[in-house]
Amino acid sequence: METISIHALFDLSDRVAVITGGAGLLGKQHAAALAEANASVMLWDINPDALQQAKQALEEKHKGKIHVQEVDIGDKASIDKASQIIEEKFGKLDILVNNAGMTVARGQEKFKRYFDSFEEYPLELWNLAMHVNLTGTFMVTQGLAPLLKRAPRASIINIASDVGVISPDHRIYQPNPERDYPGVGFNTPLSYATSKAALIHMTRYWATYWAKQNIRVNAISPAGVENNQDPKFIRELTERIPMGRMAKPHEYKGALVFLASDASSFMTGANLVIDGGRTIW
């Protein structure tokens, strides 16, 4: 009987990974996780300044393992150019983390209607969210498929969301005078929740499509990460989570390495829900 050590199962030495949206809060955590497991990691992001900041921060501990490339995942020409760079630089690709998605902060003038009610929601913002979150993921995965198919054991990991499994709880965003809660100026739009639900199904589709070509495809559905949000909002949300808190940024690192590595070699088409128990209520 073949015996493989735990260390060997999780080791990503000599493997190359691409992380889309790599300069974001979770993108940097994903990069650190894979680099700690000895992978070479290429961060793709549309924001060149954020990319350089991410590289500088990560290279302190992972010197030589972090690489960056400005990429617009909504533009096929940009993806094709970046894919060619992967081919020229590494000659291979073993891991793809589809992490990029349309995220909007309050106060961004360009997206000031992103949090409008469904009845008033602008079609152009719905279309943009679908283009980035779904079409962008489609184009990235399609563009990198030739490299992944050459890998002896490739892994694609799609970052979905708990609100792709359940509906967002609209009460956590709305004012409640009885609880001295003024509400917040944002919500989870239908476009975001729907695109994440679709991403989970794309995971299943690709998993069956490539099952015999040594490409495993799985998803992670994380819950919200605590990141200096309003304390009253955190209270409203965490009361709906059995573990009574939001996630810490590093709490998805283990799952990511598990899915990227041989530790999950007989696993494909799965959606790991990591939400403190929120979706079981």
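## Surface and overall form

How much accessible surface does the protein have, and what share of it belongs to carbon and sulfur atoms? The accessible surface comes to about 14200 Å², and carbon and sulfur atoms account for 53% of that area. Please keep in mind as you look around that this is a predicted model.

The protein is built with 8 helices and 7 strands. Its radius of gyration is 19 Å, close to the 19 Å that the globule rule gives for 281 residues, so the protein is as compact as a globular protein of that length.

## Inside the fold

What percentage of the 281 residues counts as buried? The figure is 48%. Contacts tell another part of the story: among those between residues at least 6 apart in sequence, 76% join residues at least 24 apart.

Charged side chains come as 30 positive and 31 negative ones. The centres of these two sets lie 4 Å apart.

## A group of aromatic rings

The protein has 8 aromatic pairs, counting rings whose centres lie within 6.5 Å. In one of them, the rings of Tyr114 and Phe115 have their centres 5.0 Å apart and their planes at 80°; an angle over 60 degrees counts as edge-to-face, so this pair is edge-to-face. Both Tyr114 and Phe115 are buried.

Another pair to look for is Tyr173 with Phe186. Here the ring centres are 5.8 Å apart and the planes stand at 70°, so Tyr173 and Phe186 are also an edge-to-face pair. Tyr173 and Phe186 both lie in the loop between β5 (154–159) and α6, so their pairing ties together parts that are 13 residues apart in sequence. Are these two side chains in buried or exposed residues? Tyr173 has a relative accessible area of 11%, which is under 20%, so Tyr173 is buried. Phe186 is buried as well, with a relative accessible area of 18%. To complete the picture, Tyr114, Phe115, Tyr173, Phe186 and Phe233 form one aromatic cluster.

Now let us visit a strand. Gln69 is found in β3, which covers residues 66–70. Its relative accessible area is 17%, and because buried means under 20%, Gln69 counts as buried.

Which residues does Gln69 touch, leaving aside its neighbours within four places in sequence? Gln69 is in contact with Met42, Leu43, Trp44, Asp45, Leu51, Ala82 and Ile85.

## Two asparagines with positive phi

Our last stop takes in two loops. Asn38 lies in the loop between α2 (25–36) and β2 (40–45). The phi angle of Asn38 is near 85°, a positive value in a residue other than glycine. With a relative accessible area of 31%, which falls between 20% and 50%, Asn38 is partly exposed.

Where is Asn214 found? Asn214 sits in the loop between α6 (190–209) and β6 (215–222). The phi angle of Asn214 is near 65°, again positive in a residue other than glycine. Asn214 has 48% relative accessibility and so counts as partly exposed.

Terms used. Residues numbered from 1 in each chain as written. Heavy atoms only, no water. Helix = DSSP H or I, 4+ residues; strand = E, 2+ residues; numbered from the N terminus. Buried < 20%, exposed > 50% of the residue type's maximum accessible area, 1.4 Å probe, protein only. Contact = heavy atoms within 4.5 Å. Rg over C-alpha atoms; globule rule 2.2 N^0.38 Å. Areas by Shrake-Rupley, 256 points an atom, 1.4 Å probe, with all protein chains shown as cover. Lys, Arg positive; Asp, Glu negative; His and termini not counted. Charge placed at Lys NZ, Arg CZ, Asp CG, Glu CD. Phe/Tyr/Trp six-rings, centres within 6.5 Å; stacked < 30°, edge-to-face > 60°.
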